[in-house]
Each structure stands twice: as structure tokens, then as C-alpha cells.
There are 4 protein chains.
Amino acid sequence: MRFYSVTEPVKYEGPDSTNPLAFRYYDPKRKLLGKSMAEHLRFAVCYWHTLCWPGLDPFGGETFLRPWHQAGDQMDHARRKADMMFETLRLLNVPFFTFHDLDIAPEGSSLKEFNRNVSTIASHLLKKMDETGVKLLWGTANMFSNRRFMAGAATNPDPDVFAYCAAQVKHCLDVTKELGGENYVMWGGREGYETLLNTDLKRELAQAGRFLNLVVDYKHKIGFKGPILIEPKPQEPTKHQYDYDVATVYSFLKANGLEKEVKVNIEQNHAILAGHTFEHEIALASALGIFGSIDLNRGDYQSGWDTDQFAMNVPELALALYEILKAGGLTTGGMNFDAKIRRQSIDPDDLLHAHVGSMDACARALIAAAKMIEDGRLKAEVDKRYAKWDEPKNQAMLHGKESLADIAGRVLSENIDPKPRSGRQEYLENLLNTYV
Amino acid sequence: MRFYSVTEPVKYEGPDSTNPLAFRYYDPKRKLLGKSMAEHLRFAVCYWHTLCWPGLDPFGGETFLRPWHQAGDQMDHARRKADMMFETLRLLNVPFFTFHDLDIAPEGSSLKEFNRNVSTIASHLLKKMDETGVKLLWGTANMFSNRRFMAGAATNPDPDVFAYCAAQVKHCLDVTKELGGENYVMWGGREGYETLLNTDLKRELAQAGRFLNLVVDYKHKIGFKGPILIEPKPQEPTKHQYDYDVATVYSFLKANGLEKEVKVNIEQNHAILAGHTFEHEIALASALGIFGSIDLNRGDYQSGWDTDQFAMNVPELALALYEILKAGGLTTGGMNFDAKIRRQSIDPDDLLHAHVGSMDACARALIAAAKMIEDGRLKAEVDKRYAKWDEPKNQAMLHGKESLADIAGRVLSENIDPKPRSGRQEYLENLLNTYV
Amino acid sequence: MRFYSVTEPVKYEGPDSTNPLAFRYYDPKRKLLGKSMAEHLRFAVCYWHTLCWPGLDPFGGETFLRPWHQAGDQMDHARRKADMMFETLRLLNVPFFTFHDLDIAPEGSSLKEFNRNVSTIASHLLKKMDETGVKLLWGTANMFSNRRFMAGAATNPDPDVFAYCAAQVKHCLDVTKELGGENYVMWGGREGYETLLNTDLKRELAQAGRFLNLVVDYKHKIGFKGPILIEPKPQEPTKHQYDYDVATVYSFLKANGLEKEVKVNIEQNHAILAGHTFEHEIALASALGIFGSIDLNRGDYQSGWDTDQFAMNVPELALALYEILKAGGLTTGGMNFDAKIRRQSIDPDDLLHAHVGSMDACARALIAAAKMIEDGRLKAEVDKRYAKWDEPKNQAMLHGKESLADIAGRVLSENIDPKPRSGRQEYLENLLNTYV
Amino acid sequence: MRFYSVTEPVKYEGPDSTNPLAFRYYDPKRKLLGKSMAEHLRFAVCYWHTLCWPGLDPFGGETFLRPWHQAGDQMDHARRKADMMFETLRLLNVPFFTFHDLDIAPEGSSLKEFNRNVSTIASHLLKKMDETGVKLLWGTANMFSNRRFMAGAATNPDPDVFAYCAAQVKHCLDVTKELGGENYVMWGGREGYETLLNTDLKRELAQAGRFLNLVVDYKHKIGFKGPILIEPKPQEPTKHQYDYDVATVYSFLKANGLEKEVKVNIEQNHAILAGHTFEHEIALASALGIFGSIDLNRGDYQSGWDTDQFAMNVPELALALYEILKAGGLTTGGMNFDAKIRRQSIDPDDLLHAHVGSMDACARALIAAAKMIEDGRLKAEVDKRYAKWDEPKNQAMLHGKESLADIAGRVLSENIDPKPRSGRQEYLENLLNTYV
């Protein structure tokens, strides 16, 4: 029984195509700024939302009825699901995938069994990867779905949960290495708390710090080359998530001396739930030297939770891609579609439409962002605005050659009386619209 | 011409009093946990909202028509306003006040003139302080109201603004020291940005880092003993404020090596605008070792800006005071009423009602929080929840005596399979309600 | 096997009791304003959250593991669940319960079977009701959980779903009548839409209007005496819920000529998600003549979805109860605990703690609200503020005796130049604090 | 002294122009769907934000320093400002303007004087209109800025304020008629409340109802042909604005029997503050038969207040314009730029850049929306989804030919068991992206 209605990979047909299952902008080999679109965008399909989410929400159950969610041998289902991942990658011409351990293999009745299941499926995946050339962008451990994690993973009040998580991450990192994963992600799932009435915040932060140190040490021990990525997230599932946003993650890394070891995997929906824009989080991570990778989706600005929709708004994506290009682009990172189709989108083909549309929107945004870089007018406006800082006396002031009293003396003696200059925001927004 | 309708200080009359200008709970000398209420709460009246805000909002002008906002000699008005501050403090029996430089003195036409004005009024304040025993909790420089600061103070694209601010802070810190201020506050006003299209985030963060270092160095140079406090604030006036919340400020301090030098002044309204609870921000600052002082007000959870209302909800205040007590209480810090009466509250006496009501609400909350501490049941519940972490093997794990692989080995060999325990949130909320 | 750890009903023991399973304020027979507390508050336990919710959230599965959620004969489980409802009511001394059809009986494989199951369990419930004297506050049909309703119930693009819903509501209304239900509730579940790209808003509103007319006609036909209640809700599960808030429901009722037939069941969490306060929605419904009943819970103001927590904040509840008392109190309505314990509260007793604590908080709030009414100072302040409107000439103006031109002429000839008076908000907030 | 740097009107130069003061898409005479772009879009420049807002925010003062905001004869300034309005209209080639009475003329010291000032400037405007062919889209009375309105206009507790407002609106409506205004707008300014503690909601709603009836009666009396428009707005300046959103306004109109007399002027920023999308509000108003006009701007989804930015996001505007076209287009209405440049945009030319950019964005969006209409695929998808409703038996059901019991009987006898169909949201979003 066929899952998707099509068997031929989606092709680039150019902007005038009216074929809904064709790329109109994503032309993987097209070169921009010296790299191909595929190299720039490094798309990844994710197991979690694309193949594991059954379409439920807090008010209703499963709508998708995927074949592998029916009764039957769970390992058979896991293999079927893996095959469907590769079929999806083939149809979409996407070079990477990502997974949680629990996405790929059934939990079984013990950690031992789970590890075995994960390893078994990993071998299956590896075979498929060898056949197809698809690569693993990153792996991660799901330490939030099972009820044992209801009060957190590393930050659990019960040290046995901490230990259990250590064992789970060890195995997942081993498997990720085995599959040649280019990064390893830690998403803080339930690392956070609901109420201080039952929480010792300081203890929990210390636990989290220890855990991350253990993982980093282990990564070095086994020679895993890629970066460890933390994915900031605010507000859910716990009210107070410890990895709130990029700045919070950085404060945590600095407090634990890990800011050279760990980078961030930034998601649009998480960014906006924290009160920031996506491009702010990218620019901040870049400024702090911890920019790693992207979870690509969009949140509904008017819904107070992760809606995880496929990103379709080209002007918004162009701003994000402009910041990514300015940050040096994705190196080991990628653009992982951590996005889910709406629960009413119950046809399998809806998965293809969603990816195709969002890949195309990213491609358009990349074309625009590349124009922004090449054209240089935006950068020139910014540089002009700060140009006076490049004067030697101001560089001296910036680099600590004058004391507060020195500067104050100079201001009074020279009668420095600064006059404001226009920020030109509307002009710049218009300029932006000429690229997209 | 009298401003307030009363001339006698507000007195403690006990819970049964129906006198609207009496304290029903705030009994300054009453001892709780070994200190008087006055010592615990360290209330401060603030110039900014109490005497300077004219009642305008984005849709309408001044409603209060304060005498010192009329035409006339601005220095005379400044003295009149200062006298009214001391009259307010006398009527409310409040031991501290706080100010921005611009609150106390007119700007004049140059920095020189402004400095002179500030110093003149400072002398007037000092005389009043000597007469009354009132103290200065902190001073701060207003570097956000004048249009010269429209694009930021230390983070301005124009280095002349940076220099100007250095000169302004120097003078304000000098004056704060002269008045015996117990702290000095930096509120990031317009340190932030509207759009990345015209902003170099990395440059601006470097500027901010330099500025704070200059201030800390100068503080030591002149022997100012109190801490420098940064007041976190998100979302306004700029969309992306650099001092978003406690975690962000900590990341900034760590990045600049200033986490031992600078503490935070936490405001309820700013906390909730950042998506946190007030008590979260206090507990986090305490855990990070940077808890300093409190700006006391309340935000409307349903309004997306600082409403800065007088705090009146006793159960909410009790949670905050419980965290403050657990953090060791206010040391050099205080509870500054950074709160404004509604713009329809145009009678001067409304100022008194607001302070009296909020002081009383804080006093009730303090009584409750002290009971929570003394009773010990809340703490016992938390300790019990984490008790297993105190076992030697778990302490060893927490302190790095085992590697990830060691722990994983142990989990598998010992078949560690943790079982969740109830978080008991509702029980604890009920318990809380027995104290308030 | 026992579910709860206690077998004796929770008793009133007075404010000084430290027994966590005692009422400290809820004394059902205590008279206030001429009615007993039990008559004022008319508490109801709800099946949905109390017995059916398994503790899942979008990031993790079931945590509660209720016996009736295990494998086994579903009708046996339904009877066991029903018995536990009555045990809960007995232990809490609560006089009412509420249900969705799907809460009480399994869906089976056809509507026919579902109807039969519902009727079977209804007979069981009726027997229990007769034995205990417990009453049914209201029944309602769940037309949102099953995937057939994913695109709405009455507003579904498929008329077969509309028809199916008609059949389901008919049966549920029949059963509610049979059980002596005092009201019948329509909650718009998925009546709303995700995107206009696939939605015909006008058609769907017409469908909703027809459906409500059908239900009202049928109610009269079978002689069901209680009101039909609509429960306003915004923002979830669909982004654009048609029954957004009280005003929106009223506009819908007026458009369909049903404003005399249908009232509203107002929930705190829904009120705040719509940007209003709970008391606003109550006061507005009262002003519009459609106030019916209350779903009692609290939302977290900082979470953008229904957190449905048990209400514990006495000052907030006092404001709501004051409006309810002013609206004439609950007549056929009640206070239904549409609240869920946190998913970490996995002990059955947590259910008891939650209800006891919230009932006590309501009782304290009722005592405060009754004082507010009896004391009369709040009302007197409001009346004084509007007193001038009671003057004959102003009544004439209000009742249309003058035209716009008449009034304008009078303003100019009499030089009417109104002066603002203080709104006294802080004084009134202090006054409020003397009652709670 | 010149205000703008240019003297030549902005021209259409086509998509490839890099002239920042040229239109790239707005070609006023270009025909789409049988009408010119100018006829479709009916742009209006507004006095309020474009010429009157001085650049202040709650944290700082004026930044723009407009010549007419300096000291001097206020009537001279008013004439200068009027001339600048016409210069702006000329440079932008915009055919309409809009005003508040207070925008065009100084308040003076009495209503009599204000009326006289307004009439004087109105004559000046009329002369300019005659010379240029520019028209007035609408006028409105500012009844929220002066402190006399701090507690509301028509809903004020003081009937003298109600009377004063009646007089003010009468004059403003007279003037609007005299200037040939195509509509008259009522924006509820401070019609709302801060706290129920000092508010009689029911009285205030009755006052508002009377006021609107007076205005409608007067409109007919003087033969003003255009519609009265209410502009819905939530959340500010009062916390509880009575005209929250389109549905709330409709409920108010129905309650007062005015739904045939009054339409709505919908603003994007107000729509999103109420929790809706812009296109939702347009579609709902159209479905209810009260769609009137548009206030064009954009809010920042992450700021909880009116940011009133110039709209620049083409995909978002395309959705709004598609709904407007489906609603039959703007008839007497228009697109009024109720948008303000950022307070850092202190160069007069920033006003031109803002309007040009947003006009161009609207033009692109109109081109896309026209394609959506012409292409017809979006509509076809929606029609197909509801097609079964067009079958005779379902039309019968919809139009009340069957009772609830009839339908229920049919469902059971025919075993109606509806199967869900995909909502195809992602496919439709992709399709949308082919138009923009």
C-alpha cells in the first residue's frame, strides 16, 4: 500500500510552474555567494513531527492514523517508519534527517531493551544512509515524554532520574556518532519547574551544570567531533524552562565554563515565545560566538504555545537568512524542519506539500538575503551609522584607554553636546522590500 | 497652599481600623524573625513616579497639574518638589527615597548647567536628610528622556552620546556618594534596539560592557561602598532591551567579568513582561549570587507594557517576600515604590492612599512570609523531595566523581528504573493559603 | 483497592485547623446575606477534568494511570468511574456534578452504541443520585475529541457532521432532562477555524445559528426547563473560536434572536485568554441579561492556553463573587470545578486537596464579598460618582428627550465646561483589601 | 524654509527602479479587475500620526521638533500644518485625508473658541481641496486627549462630559459634511474603564447607546450621506475598551438597533491586540454586513500596545486585500494610513519614505489579491469543501425544514458516520505563495 500519491522526486521547475509538487525556487545546485543552495540551506527532515506526531492536541486525539501507529509488532513498525523517512527524503531531495532516540525505536520495558531497539534501528538507518548518501544532522534523546521524566530529566529531584538520563544520553550519543551525526542536540524538555513551592532552583541548576559537563567530557572521550547544541525554549512544557532563550543559555554556559564547547540550536517558534524575534536570537548567538544550527518552523504570534507551523513568510525568512549569512552561514548546522502539518491535514501528501512549500520559501528568502549581502546597501547604512566609533579617539575610549573621569572631563571641556540622527527605519524597511 | 489634606503622619492602628489613612498591618517596630518590619522592608518613595509623572499616557496629556509642573522658575520648583518629597516621607513614615538626576533638577541648557542644578538641589536634599534622618536608597541617571538618547545611551551609534553619558553618570555617582546613597542603579533605559536593519548588535554589547566597567572602576576609585545595581527590563521602550531579565543580565556580567561587582534591582512589572514571575527572578538572582534590591509595583498581566501599579495582592507579595527572606533579606537593598497612581487619581491624597495601601499589603505579606519560614513545613516538603540527592553516592555523582559512562554502567547493572512521585502542587498551594 | 486514602468526608474545622483535609472556611450551612454558603456557591465536581483527564500534555503521555483508563471492559470502567464520582462528591460534600456524554460512557463503534452506553450509565447515575441526593448541574455533548469533529461540529464543512451532532445533542439533552439537569451546556469545542484559506466564515456562522435554534426548539418541545448555556472560549483549540467571549456570544444570540433563550457559562481561564478579567465577563453578562453559570478555575496569566488550575487566590475570587452577588447570585447556575490538577500531582489524594483548597478559597472570597455588599461603601462610592446622572435633566438627556443639536445648544449657552474628578482607584483597592 | 527635501511628486518607475522615492508597484491608473489601483486602494494620509504626533513615548519626550509644534500663534501653526498636509498629499499623489477636530485646530480656552478655530481652518482646508481635488475620507472628534475626558466621553460618570461631547461631535459632523467627507468616524477613545471598583458598566453601556443614537439621528437630520463608522479597539487606553473588536461592536449595534446605520473602520493593530487577525476582522464584518473602511498600519505582534507601524509585509497585506475584494471592495471607505514613523525617524523625508513604501507594499498586495480572485483556485478549494451543503436535503436542514429529532432520526436510520477530509492548509499556503 502506497503512502504518498507520488513516486517521482519533486523537481525544480522554475517560478512559473503551477505544479503544486514542484520547486519553483529551490534549485539545489544553483550557486549563490559561491555556494550551492543545498550547501547553504542544509535542509533536514525530522522524525518527530514528520513521522511520529499523530495529530492530537489537548482537546482531541489522533487524526493521522499512520500505518506505523497501529497495533502490531513495534519493531516492524519502526523499520517501516524508517523506510518512510528515506522515501520522504528521496521525494523531497533533502540531504539530512534528525531524530530523538524514541522517535526511531520503541521504548520496550527497560532501558536495556530500549538501547537494543535503538541500536537495531540505527543499523537499519545506517544501511539506508549508505545506500542513499543521506546524512544525519543530529540525534537527541527524548527525556520528556515518559512519565518518569514528568519532573525533569537532569534537573529531577530524584537522582535516579539523573542517572537514568546519563545512561540514555550516553547511548544516544554513541549511536549518533556511529551514524556520523554532525551535531548532538540537548533540548531541555522538562528542565524547568512549575512552582517554586516544590522546587529548589539552585540545586536544579547545579544538576543541569553537572549533566552538561558529563556530556561534554564524554563527547571528547569518544572523539565525537561535532558540537553539542542546546536548544533554547521558554514557557512550555514547564512554566519556567531553564533554557529560556539564547542569553539564558549563554549565562548557563558561562557559569559552567562551557561557552567554548556548546552552541545553540535556535528555533523560530521558541524565539518568539521568549519575546524575541528569530533574527534577534541568531544575531545574539553570533555575537556571543555560540551560533550552531536552526530548527525551522514558525509560531503563530497570537498563540501562546509552539504551533510549529511550516515557515512560509518569505520576508520574515529573508531577515533570518540575512543574519545567518552574516554569521558565516551554517557550518555543521542545518535547517531542520521542526514543523508539523496541521492536525486537519490528514492526507500523507500534505507532508510533501508542507516541506515543498517551506523549502521554496527558504530558497526565495536565501535569494533575497544573498542579494542583500551582494548589494551591500543595508550594511553600508549600518556602518555609516556607527562610523564615528571607528575614529581613533573613540576606539581608545571603547578599549579602556580613558577612565570615566577622563571622559567626563573631556565632555565638559569640549562641550560635547550630541545631536540625534534619524534611524531611518522606514527607509530601510523599504529597501528590504526591494530584495524580497 | 496645602498639597495633601492631612498634616499628621499616618499611624499604625491595627487590622480593625476603618481609617483609610491608617496602617492596619505596617507596624514599623514590630519584630519578625529578629528584625523590625522597618528593617525588613526598607521602603523607599521614588521621585520619578510619585512626584514627576504628570499623568499623561500615549493618548492624552497631563492630568495631575502638580504645582511644580507649572510655568515659573524651574529651580524654585525643584526645591518645592524636594520639600514635597520630604513631606511625603514624613506623612508615610518611610525611611528612604530614590531619584534620577533629572527628577530632582532641571536640565538647563548644557551639561555644565545640569550638573550645577543637580548639585544645588543635592545640597538642599542633604540638609533635609540631616534634619529628618531619611536616607537615600539609590540614585541613578536619566539617560533616556532627552531626545539625545533616542538611540540609546552607552549603546548609542554615536560615541559622543557614550561620552556624554559617562560624564552624566560620573556626576550622578558623585552626588549619590555625597548623599550617602546605599546603592547606585543603572537602568538600561534605551539600551536596546528597534530593528537589526539599522543596528550592530555586537558593537553595542561591547559598548555596554565598556561602560559598565568604567562605572565600576570609578566607583572603586571614589570609594563608593554600595553595589552597582542593574535593573533588568524587557520589551520597552525599545523592542529589544539588552537587560531583558535576570539571566540576561547575568550573562552580560559574566561576559564582562563583573558578576562579583554588580547586582540586580528586580521589578515585578519587568519580571512579568519578560515572561517570568517576580519570585522566579528573585530566586534566580539569589541562586546566581546577584540579588540586590526590589522595585516594587505590579503589572497588569493582561497589558503588554509597564502599568506600574501599586502592589496590593497579598498572596502574590507573600511569595515574593518568602523568596527575599530565603535569599537573606534585603541588605543594602530596599523596596522602592516604582509605582504610579492611575492617571485618573488626580487628588494629591491619592498618592498617600496608594502608598499606605501597598505598604500595608507588604506588611501583611511579610507577616505571612515570616510564618512560612518559622513554620517550616514548606521548606520541609521541598527538602524531602530532593532528599535522595543528599545521599553520598548521589553527592558524588553531582560533584563529578563519576563519568557519563560510569553512571550509565551503574544504571544498567543496577536496573535503575525511577518511579515518579507526586509534585503535590495543590497541597502546597493550600498550605500557602493557610499563611496568608 | 482503595483510591483515596481517606474514607471520612472532609469536615469544616474552622480557620485554625491545620488538618490539610479539613475545610477552614467552607461551612456549608453558614448563612450569609440570607442564604447558606452551599446555596450561594452551588459547587459541582466535573467528570472531564477530575476523572477523565489522564495527565498528558503536548510533550508527554499519561501520568495518572487511573484504574479506569487501563485495559478491560469499558462499560465496567465507566461504572467504576461513576462510583468514584459519587465517592468524590461524598468526601467533598459537593452537591452537584457535571459531565460530557463521552466522559461517562465509551464511544463504542457507532452512534447507536454510544447512545445505548450513555443511557445505561445514566441509569446507574440516576440510581446513585437518588441514593445520595446529589444533583446534576448540567450535561453537555463532547463534539470535539473524536477525529470526525476535527473541522468543527455544527460549523463543519460537511453537513453529515452537522447532522451527526444534532443526533448526539438530542440524546444528551434527553439524558440531561432524565437526570434532572438544571441546565444544558453547549461548548463550542472546535466551532471556529484555523485559516480563512479553507473557510467560509459566513456559511459557518449560519450553520451555528441554525444548530442553536434547533436545540432551543427541541428543549421547549421536550419541556426541558433549565436554560441552554453557551460557554465562551477564545484561541484554542481553533485559532479563531466563534464563541470568543461574552460580547461575541451576545452578538451571535442577537443575530439569531436567541438572547432570551440562552445564557452564558463563564470560565475564568477563557475570560483571561480573551483579554478580559473574569469579573468583567460576569458584569457584562449581567448587564446584557445573559449571566448563567460559572466554570471555576484559574489560568496562568503568562501561559497562552487553558492551564485550568484550581483557583486559590482569594482577592481575585472575591472580585468575581462580588459581581456574582450583584448580578443576583447563581440561580440555576453553579460553580463547576472545570479545573485540573497538575500532571505531576499523580496521587489520587491530590484531587481532594485541590477541591478542598479551592472550595475554601471560594468560601473566604464569599465571606469577603458578602461583607462588601453589607458594608455598602464600595457601592456608595460608585453611586456617588454617577449621581449627577440621576438628576432629571440628565435622565431626560439619557432617555432621548433631547437631540444632539439641543444638547449642543445647551452646552454652548450654559458654558458647560466639565472638570475631572479623581477616580480614586487606589483608595478603592485599599478598601477592597479591608474585606479580604 | 523647506520641510521635505523634494519638491517633485513621487512617480511610478516600475519594479526595477532603485530610486528610493519612486513607486515600484503603485501605478494609480493601472487597471485590475475593472478598476484602477487608485480606485481600489483609496489611500488617505492622516493628520494625527503624520503631522501631529511629536515623537514622544512613555519614556521620553518629543523628538521630531516640527515647526508647527514650536511656540507662536497657534492658528498660524494650524494653517502651516494644513498646508503641509496638502504638500504631503501632492508629493505622494494621495487622493484623501482624514482628521480629528483637534488635529486641525487649537483647542483654545472654550468650546466656543474651539468650534470657531475648527471652522476657520476648515475653510482653509476647503479652499485647498477645491484647488487640488483632494477629498476628505472622514472626520472625527478627539474626545480623549484633554483631561476632561480622562474618565470617558459619552460613557463618563459626569453627564456634563456627555453633553460636552454631544456638542463637540455635532460641530465636527457639521464640518465634515461641509467638507464633503465620505464617512464620519467614532473612535471610542476612552470609552471603557480601568476597574469595576469605580465603574457602573451597565449605565455606561446605556450612555454609549444613547450617544450613538443621537449622532445617527443628527446625521439624518442634516442629510449627511456617508456612513457612521465605529473603530473597534481593545486594551488601551483603558484596560476594558467597550468597542473591543468587530463582534463586540456588532453586539452593541444590535442591542441598540443600529446595525443598519453604522459600519466599522477596522485597523490591523487593533485587530491583533484583540487576538484576531486583520483578515478575520474584515471577513467577520463583511459576513455581518458592517464592513466600512480600513485604518492601515501594522502592530508588532510581540508588543502589547499599538505600535502603529507602516505596513510593509506583502504576504500579510495580500490576505487582507483578498478579503476586502471578496467583501466587494472599499466603497465609501478607504485605506487610511493610521501609522506613525518610529520616533527615531526624525527627518521629515522619513514621512515620505514610510508612505511610499507602504503604498507600494499595498499595491503589490493588491496585484496578488487580484490574481487570487482571477485565478479562482483558492475559491474553488473552499467551495469544494462545502459543496455537500449545497445539496437540497442539506439546504433544507440548514433552513429549518427539519427538527432536531427529525435529523437525529435520519442519522440513526441512515447510519450517518462522517469521515474527515484533509483541510489542506499547507497546500493552500503554498498556493498563496504563488500569488505574492
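Lys233(D) is buried in this predicted model, with a relative accessible area of 1%.

**A buried lysine in chain D**

- Lys233(D) belongs to the loop that runs between strand 10 (228-231) and strand 11 (240-241) of chain D, and because its relative accessible area of 1% is under 20%, Lys233(D) counts as buried.
- A polar atom of the side chain of Lys233(D) lies 3.1 Å from the backbone oxygen of Glu236(D).
- When residues up to four places away in sequence are not counted, Lys233(D) touches Trp187(D), Gln241(D), Asp243(D), Tyr244(D), His270(D) and Asp306(D), and it also touches Phe59(B), a residue of chain B.

**A buried proline in chain B**

- Pro28(B) sits in the loop between strand 2 (22-23) and strand 3 (31-32) of chain B.
- Is Pro28(B) buried or exposed? Its relative accessible area is 19%, and because the cut-off for a buried residue is under 20%, Pro28(B) counts as buried.
- Once its neighbours within four places in sequence are left aside, Pro28(B) is in contact with Ser36(B), Met37(B), Ala38(B) and Asn93(B).
- Although Pro28(B) and Val94(B) are 66 residues apart along the chain, their C-alpha atoms are separated by 9.4 Å.

**Helix 10 in chain D and in chain B**

- In chain D, helix 10 (residues 278-288) is mostly covered, with nine of its eleven residues buried; these are Phe278(D), Glu279(D), His280(D), Glu281(D), Ile282(D), Ala283(D), Leu284(D), Ala285(D) and Ala287(D).
- Just after helix 10 of chain D comes Gly289(D), which takes a positive phi of about 80°.
- In chain B, helix 10 (residues 278-288) is also mostly covered, and nine of its eleven residues are buried, among them Phe278(B), Glu279(B), His280(B) and Glu281(B).
- The residue that follows helix 10 of chain B is Gly289(B), and its phi is positive, near 80°.

**Where chain B meets chain C**

- The contact draws on 43 residues from chain B and 43 residues from chain C, and the two chains bury about 3,400 Å² between them, with 42% of that area on carbon and sulfur atoms.
- Gln302(B), Glu426(B) and Asn433(B) supply 19% of the area that chain B buries against chain C, which is more than any other three residues supply.
- How many salt bridges are found across the interface of chain B and chain C? There are two salt bridges, and one of them joins Glu429(C) to Arg298(B), with the closest N and O atoms 3.1 Å apart.
- Between chain B and chain C there are also 25 residue pairs in polar contact, counted where both residues are at pLDDT 80 or more.
- On the side of chain B that touches chain C, helix 11 (314-326), helix 12 (348-375), helix 13 (377-386) and helix 16 (425-435) of chain B each supply at least two residues, and helix 16 gives the most, with seven residues.
- By residue type, this side of chain B divides into twelve nonpolar, 17 polar and 14 charged residues.

**Where chain D meets chain C**

- Here the contact takes 97 residues from chain D and 97 residues from chain C, and the two chains bury about 8,500 Å² between them, of which 67% is on carbon and sulfur atoms.
- The residues of chain D that lose the most area to chain C are Leu197(D), Tyr386(D) and Leu404(D), which together account for 10% of what that side buries.
- The count between chain D and chain C is six salt bridges, including one in which the side chains of Lys388(C) and Asp160(D) meet at 2.7 Å, N to O.
- Chain D and chain C also have 26 residue pairs in polar contact, with both residues at pLDDT 80 or more.
- Helix 7 (residues 201-222) of chain D provides the largest share of the side of chain D that touches chain C, namely twelve residues.
- The residues on this side of chain D divide into 48 nonpolar, 22 polar and 27 charged.

**The domains of chain A**

- Chain A is divided into domain 1 (31-375) and domain 2 (390-435), and the C-alpha centres of these two domains of chain A lie 40 Å apart.

Key:
Residues are numbered from 1 along each chain as its sequence is written. Chains are lettered from A and ligands numbered from 1 in the order in which they are written. This is a predicted model: local features need pLDDT of at least 70, side-chain atom pairs count only at pLDDT 80 or more; totals for chains, interfaces and linings use all residues. Side-chain values use heavy atoms; hydrogens and water are left out. Contact means heavy atoms within 4.5 Å. Buried area is the accessible area (1.4 Å probe) that two parts lose on being put together, summed over both. A salt bridge is a side-chain nitrogen of Lys or Arg within 4 Å of a carboxyl oxygen of Asp or Glu. A polar contact is a pair of N or O atoms within 3.5 Å; within protein, one must be able to donate a hydrogen and the other to accept it, and residues adjacent in sequence count only if both atoms are side-chain atoms. Helices (H or I, at least four residues) and strands (E, at least two) are DSSP runs, numbered from the N terminus. Ala, Val, Leu, Ile, Met, Phe, Trp, Tyr, Cys and Pro count as nonpolar, Asp, Glu, Lys and Arg as charged, and the others, Gly among them, as polar. Domain bounds come from an automatic or database domain assignment. Buried means under 20% relative accessible area, exposed over 50%, partly exposed in between (1.4 Å probe, protein chains only).
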